[in-house]
Amino acid sequence: MTRREGSRVLVLGAGVAGLSCARALADAGRPVEVLERARGVGGRCATRRVEGQPVDFGVAFLHGRDPGFLAALAEVPARRLDGWPVAMLGAGRPCQPEAFTPGESRLAFAEGISAFPRHLAAGLPVTLRANAVAVEPEGAALRVRLEGGGAAEAPVVVLALAAEQAHELLGTVPGPPPAVASARALLDQARSQACLALIAVYPPEAQPPAWHCCYPDGSRVLQLAVHDSSKRAAPDATVLVLQAHPRWSREHLDDPAWPERLLEEGGRVVGPWAARPRHQEPHSWRHARHDRSAELAAPLLLGLPGGARLGLCGDRFAPGGGVEAAWRSGRALAHRILQEVP
Amino acid sequence: MRQPELDPLRALVQRDQDHECEGFGAARTCVRVVAVADLPTRFGHFRLVGFWNNRDAKEHVAMVHGEVVGGEEVPVRLHSECLTGDVMGSLRCDCRDQLTEGLAAIRRHERGVLLYLRQEGRGIGLINKIRAYALQEAGLDTVEANLALGFRDDERDYAVGAHMIHSLGIRSIRLITNNPNKVAQLTQHRVVVSDRIPHVIQPNEFNRFYLETKARKSGHYLEAGGAGRLQEQADPAVVAREAGQEPKA
């Protein structure tokens with residue numbers, strides 16, 4: 001049994017950034033606790049069961065080249081699909097073009113993408129459905145107030161949230177101290193991109209397509225069609241996940257008819273069959289990814305007047321974007337906390 | 001029959017065509033001399049030497065005055081690219097004054113080299129530099145923010161500069177700088193620094209505004225129309241009080 005020593009760290013957000021930060025701190029023997037607003041861990045590395053079959057409705061596959069990140073992926077106890085996606089259709093621009101550059105490793109898991117965050121979270125004290133609504137300095141500690149009452153306190157609090165959510169939460173810090181104002185201004189310089197995603201399940205007579213991923217080059221609506229069921233060992237049904245372009249997504253966030261429009265475009269691009277699923281489930285990612293032009297070099301670790309520390313990490317806080325950047329930013333922040341906070 | 005002697009700088013291009021060493025600094029950067037040409041400038045005649053490096057697409061250059069290959073005690077100035085200052089004449093920094101004074105200083109000597117390092121905005125790039133300016137306009141404590149934007153306490157990568165000095169076959173240098181740390185950094189990379197020449201900006205009609213503002217401020221930073229500044233170059237400028245005044249170390 002490892003004895004836990006040093007300042008306790010409270011991590012808000014159980015996405016890959018928060019979990020990677022918490023994991024690295026816990027592995028170094030620090031007492032750490034994770035609070036997550038949702039019902040499960042993983043954030044945008046999201047898998048849900050549709051008719052018993054796992055479907056990745058956020059991140060479609062993982063990619064990277066950082067040896068540490070690839071080693072972390074290698075530890076995941078799941079069936080790896082190395083190189084996935086292999087069969088590609090279309091010449092459209094991928095959300096992360098470097099995913100398909102030489103030297104980049106790509107992979108998926110047959111059990112679903114969420115196998116990765118679930119593995120990171122294994123053994124960590126994670127409290128689900130705990131939504132932080134305010135952060136207030138309390139002597140040398142920070143007090144995090146939760147929705148519906150209740151609070152948590154720690155000398156170090158890490159915000160591993162989408163930039164907009166972190167910005168909002170920082171706005172609740174009374175004062176605010178100059179470091180907090182500065183961080184808010186930094187976050188305010190760029191917005192996350194939205195992504196409307198639609199899970200579409202097709203009848204048995206639908207012929208599964210020959211491709212894994214399709215990036216259409218002639219659509220301003222559909223950015224990516226993922227043949228999700230091609231990741232599963234013995235799929236019962238053909239499942240596509242349709243992801244809309246950032247601009248179109250932003251413009252249609254509040255349009256109740258977006259799933260039909262996206263399906264219509266899917267039918268136009270992929271084939272008429274794709275417009276007629278027997279079952280569909282929409283999901284709106286308001287903060288799907290950040291624009292690469294907004295990326296930052298390093299996570300933040302702010303010092304507050306009473307002596308408490310407030311950290312920020314996430315995919316925007318490391319070069320490269322995506323899950324790899326999220327993981328790296330969490331690790332980098334953990335490293336700084338271990339070095340700077342006894 | 002005597003062969004016409006090959007220009008020593010051009011000979012470096014030939015020498016380096018298959019050059020590969022273990023590299024300098026943490027990134028193990030290795031550079032090659034790949035192109036040489038004359039460059040008449042308003043500051044005098046220089047030879048421009050282009051360097052390729054194996055780590056990034058940054059095309060570093062050296063402005064060479066006089067015979068430096070194989071030379072000893074060659075005056076050398078390291079200048080980091082600053083588009084806003086060098087080209088646009090920004091008053092948020094003193095980069096253009098530092099650059100022109102660097103070139104003028106080299107011309108005052110029999111020979112010398114200005115290494116123009118392409119590390120815009122202290123290595124963070126132009127866009128993040130603009131973001132940092134925007135944060136300053138909000139009057140913010142930007143230490144952490146700068147860190148996230150890519151600024152480190154001293155971002156300079158002297159490894160590339162050191163390799164460039166070695167590539168030019170310079171045996172020892174007189175470093176034009178006000179920053180003793182630069183000397184130490186270069187020495188770490190086996191550059192023999194025999195002397196330090198203070199980098200002192202001579203007042204003239206173009207930088208009078210700068211001087212006047214400077215006189216009102218005790219620090220190194222100038223307030224240009226209320227806009228905050230970032231120190232772009234690794235060493236703060238020292239300005240002679242009167243025209244013609246000799247610099248003091």
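Colleague: Hi! I've just opened this one. Where does A:P176 lie?

Modeller: A:P176 of this predicted model sits in a loop of chain A, with α4 (163-170) on one side and α5 (178-187) on the other.

Colleague: And the peptide bond from A:G175 to A:P176, is that cis or trans?

Modeller: That bond is cis, and its omega is near -25 degrees. There is also a cis peptide bond between A:W84 and A:P85, with omega at about 5 degrees. A:P85 belongs to the loop that links β6 and β7 (88-89) of chain A.

Colleague: OK, on to sheets. In what order do the strands of the six-stranded open sheet run?

Modeller: Going across, the order is β9-β2-β1-β13-β20-β19 in chain A, and the pairing is mixed. At the edges you have β9 (126-127) and β19 (300-303) of chain A, each of which pairs on one side only.

Colleague: How does β19(A) pair with β20?

Modeller: They pair in the antiparallel sense, over four bridges, with β20 covering residues 309-312 of chain A. One pair to click on is A:L300 with its bridge partner A:L312 in β20(A). β19(A) and β20(A) also make a hairpin with five residues between them, and A:G307 in the turn has a positive phi of about 110 degrees.

Colleague: Which helices go with that sheet?

Modeller: Helix α1 (residues 16-27) of chain A lies across β1 (9-12), β2 (32-35) and β13 (156-159), at about 165 degrees to β2(A). Helix α8 (residues 322-340) of chain A packs on the sheet too, where it touches β1, β13, β19 and β20 and makes about 35 degrees with the direction of β19(A).

Colleague: What about the open sheet of three strands, what's its order?

Modeller: That one goes β5-β8-β6 in chain A, with antiparallel pairing. β5 (62-64) and β6 (80-82) of chain A are at the edges with a single partner strand each, so one side of each has no neighbour in the sheet. From one strand to the next, the twist averages 25 degrees.

Colleague: How many bridges join β5(A) and β8?

Modeller: Three, in the antiparallel sense, with β8 spanning residues 105-109 of chain A. In β8(A), A:S105 is the bridge partner of A:G64. Helix α2 (residues 67-74) of chain A packs on this sheet and touches β5, β6 and β8, its direction making about 150 degrees with that of β5(A).

Colleague: New topic: how many cavities of 30 Å³ or more are there?

Modeller: Three. The largest cavity has a volume of about 90 Å³. It is lined by 13 residues, and the closest to its centre are A:A162, A:A163, A:S192, A:D315 and A:R316.

Colleague: Which strand gives the largest share of that lining?

Modeller: Strand β18 (residues 279-290) of chain A, with four residues. By class, the lining of the largest cavity has five nonpolar, four polar and four charged residues.

Colleague: And which domains does the lining draw on?

Modeller: Domain 1 (9-42 + 119-190 + 293-340) and domain 2 (51-95 + 196-290) of chain A each give at least three residues to the lining of the largest cavity.

Definitions and conventions: Residues are numbered from 1 along each chain as its sequence is written. Chains are lettered from A and ligands numbered from 1 in the order in which they are written. This is a predicted model: local features need pLDDT of at least 70, side-chain atom pairs count only at pLDDT 80 or more; totals for chains, interfaces and linings use all residues. Side-chain values use heavy atoms; hydrogens and water are left out. Two strands pair if DSSP finds at least two bridges between them. Helices (H or I, at least four residues) and strands (E, at least two) are DSSP runs, numbered from the N terminus. Axes are lines fitted to C-alpha atoms, for helices over the stretch in contact, and angles run from 0 to 180 degrees between N-to-C directions. Contact means heavy atoms within 4.5 Å. On a 1 Å grid over the protein atoms alone, a cavity is a set of points where a 1.4 Å probe fits but cannot get out, and a pocket is an open set with protein on both sides within 12 Å along at least five of seven lines; lining residues have an atom within 4 Å of a point. Grid points are joined across faces, edges and corners, and a volume is the space filled by probe spheres set on the points. Ala, Val, Leu, Ile, Met, Phe, Trp, Tyr, Cys and Pro count as nonpolar, Asp, Glu, Lys and Arg as charged, and the others, Gly among them, as polar. Domain bounds come from an automatic or database domain assignment.
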